[in-house]
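Me: I'm new to this one and would like to learn how to read it. Could you walk me through a few features?

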Amino acid sequence: MKPRCSLFLATTLDGYISRPDGRIDWLDEANRHIPPGEDCGTADFLATVDAVVMGRGTFELLLGDGIWPYGSRPVRVMSRRPLAIPEALRATVQASAATPKAVLEELGRLGARHVYVDGARLLAAFLAERLVDEITLTVVPVLIGQGRPLGGPLQADLKLALVSTRAYGFGFVQQRYRIDATG
């Protein structure tokens, strides 16, 4: 059985999830204005996640930051090139060149019920293959003018149903959508 698949990400007001080169310095700057202890629902979301699929760039960014927020959850790093995985993560992190659908099926066989997908190009692939069930999008009040958009080319429109909206006093607006399977 295919596990539920979710995206949880931030975007600029003009719809970019990173700069053209993948940097998210605009988000790092915005996060400096968040009150201490506020995580915009990240911890609650991650508490529901059984496994993670991420792109190589996201993996390398996390390693560079020295932060590993996924504990012992299984993580698949999508990459067609050889990937150096630190010894401390080898029990849970594996590289995969499989298709998005095959990776979700594998994680489902391992018992995952909810998979979090992260990484600009990877998000586009999962959306294009209609594998995503839910999107939580936090809009940050900044315009950067160019960058990597959420998603990419689609064969047909992907209709969404709004589940909830939350406005934060520091300017972020978070929207949660369910993919409308009927549309």
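Me: Where do arginine 56 and glutamate 60 lie, and how many residues apart are they?

Reply: Before that, some ground rules. This is a predicted model, where local features need pLDDT of at least 70, side-chain atom pairs count only at pLDDT 80 or more, and totals for chains, interfaces and linings use all residues. Residues are numbered from 1 along each chain as its sequence is written, and side-chain values use heavy atoms, with hydrogens and water left out. Now your pair: both lie in helix H3 (residues 56-65), 4 residues apart, which is about one turn of the helix. Helices (H or I, at least four residues) and strands (E, at least two) are DSSP runs, numbered from the N terminus.

Me: What do the side chains of arginine 56 and glutamate 60 meet in?

Reply: The general idea is that side chains of opposite charge can pair when their charged atoms come close. Here, arginine 56 and glutamate 60 meet in a salt bridge, at 3.1 Å from N to O. The rule asks for a side-chain nitrogen of Lys or Arg within 4 Å of a carboxyl oxygen of Asp or Glu. By this rule the count comes to 10 salt bridges.

Me: Is arginine 56 buried or exposed?

Reply: Buried means under 20% relative accessible area, exposed over 50%, and partly exposed in between (1.4 Å probe, protein chains only). Arginine 56 has 14%, so it is buried, while glutamate 60 is partly exposed at 41%.

Me: Which residues are linked with Arg23 in a network of salt bridges?

Reply: The network links Arg19, Asp21, Arg23 and Asp25. Within it, arginine 23 pairs with aspartate 21 at 2.8 Å, N to O, and arginine 23 is partly exposed, with a relative accessible area of 43%. Elsewhere, arginine 90 and glutamate 87 form a salt bridge at 2.7 Å, N to O, and glutamate 87 counts as exposed at 59%.

Me: Which residues of helix H4 are buried?

Reply: In H4 (residues 100-109), they are Pro100, Val103, Leu104, Leu107 and Gly108. These cover an arc of only 140° around the axis, so they sit on the same side of H4. That arc is taken from the directions from the helix axis to the C-beta atoms.

Me: What covers the buried residues of H4?

Reply: Contact means heavy atoms within 4.5 Å. The cover includes strands E1 (4-12), E3 (51-55), E4 (75-78), E5 (93-96) and E6 (114-118), plus helix H5 (120-128). Just after H4, glycine 111 takes a positive phi of about 105°.
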